[in-house]
Amino acid sequence: MNSSSTIPTSSSSSSKNVFDIGNHLAKLIKIEPKINNKSGSLIKHIASHGFIVVAPQLYIVTGPNANEEIKITADITNWLSKGLSHFLPSHVRPNLTKLGLAGHSRGGKVAFALALKKQVTSLKFSALIGIDPVDGMDKGKQTPPPVLSYVPHSFDLDHMAVMVIGSGLGEIKKNPLFPPCAPRGVNHRDFFNECQKPAIYFVVKDYGHLDMLDDETKGIRGNTTRCLCKNGESREPMRRFVGGIVIAFMKAYLEGNSRELMAIRDGSEILPVELQISEFLVEE
């Protein structure tokens with residue numbers, strides 16, 4: 001298993017906006033020593049609001065087939081009940097009856113595939129988040145296994161709450177040599193179109209497919225994140241938005257506290273970005 005966990009270790013008494021770093025001091029724990037993840041601003045942001053984040057590195061180099069990544073994610077999920085507690089401080093107790101599943105880009109496709117039971121897990125997920133999910137190169141050019149069926153509201157997720165976050169610049173080419181990083185026909189629009197209630201959809205204007213990453217991403221793969229995708233002016237606002245909206249969504253659907261999410265829906269919460277689309281497909 002190639003993954004790391006970020007956990008909340010202590011807290012203060014004052015409350016924080018979900019788009020700001022929370023009250024908990026977050027600590028990154030490497031499950032496997034060979035993992036070279038020294039930053040992880042986004043997962044630390046989420047953990048600082050009291051959530052345990054398990055962030056697997058599913059591949060370094062891979063081909064088009066995502067079946068192995070789906071299997072690995074299922075294996076990690078099955079490991080949680082017997083293995084996670086060994087890596088947590090004694091005062092931290094995970095609640096494995098309230099699990100959220102999230103993924104970015106190809107990882108978003110993997111998250112949806114696992115939620116759609118393309119692999120069986122011993123634990124049940126309560127919330128699903130696709131962060132600019134992508135299902136291939138174009139409609140008709142999906143990578144295996146295909147997730148999108150192009151039938152509206154066809155995802156059978158057993159009433160699991162779903163949130164899809166899209167980037168406004170993700171479907172625009174960076175340059176003529178490369179395709180867009182989140183092409184129309186296989187991107188966030190198509191994933192949300194197949195979701196059933198309850199489902200929430202945000203598209204962030206003027207930010208790109210990789211703008212939720214850390215400001216500095218080193219190495220060959222890290223440097224290519226600046227070259228392949230159309231980017232916004234700065235990553236920090238997009239990263240803050242993604243972290244904050246994930247926190248608000250999980251508070252609502254894992255903890256039953258929808259105050260922050262409703263404030264965002266009603267426009268009474270100041271956001272770090274401008275939204276192109278904000279849609280709530282929920283039971284009234």
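**Close-up 1. Helices H2 and H3 cross in a right-handed sense.** A crossing counts as right-handed if the near helix is turned clockwise from the far one by less than a right angle, and left-handed if anticlockwise. This is a predicted model, where local features need pLDDT of at least 70, side-chain atom pairs count only at pLDDT 80 or more, and totals for chains, interfaces and linings use all residues. Residues are numbered from 1 along each chain as its sequence is written, and side-chain values use heavy atoms, leaving out hydrogens and water. H2 spans residues 67-83 and H3 residues 106-115; they pack at about 65°, with axes 9 Å apart. Helices here are DSSP runs (H or I, at least four residues), and strands are too (E, at least two).

**Close-up 2. Here's who touches whom between H2 and H3.** On the H2 side it's Glu69, Ile70, Thr73, Ala74 and Thr77, and on the H3 side Arg106, Val110, Ala113 and Leu114 (contact means heavy atoms within 4.5 Å).

**Close-up 3. Cys181 and Cys229 form a disulfide.** It's the one disulfide in the structure, with the sulfurs 1.9 Å apart (the cut-off is within 2.5 Å). The S-S torsion is about -95°, so the disulfide is left-handed. Cys181 sits in the loop between strand S6 (161-167) and helix H4 (188-193), while Cys229 is in the loop between helix H5 (219-224) and helix H6 (236-254), 48 residues apart.

**Close-up 4. Two cysteines, Cys229 and Cys195, are tucked away as buried residues.** Cys229 has a relative accessible area of 3%, and Cys195 has 0% (buried means under 20%, exposed over 50%, partly exposed in between, with a 1.4 Å probe and protein chains only).

Methods: Axes fitted to C-alpha atoms, helices over the stretch in contact; angles between N-to-C directions.
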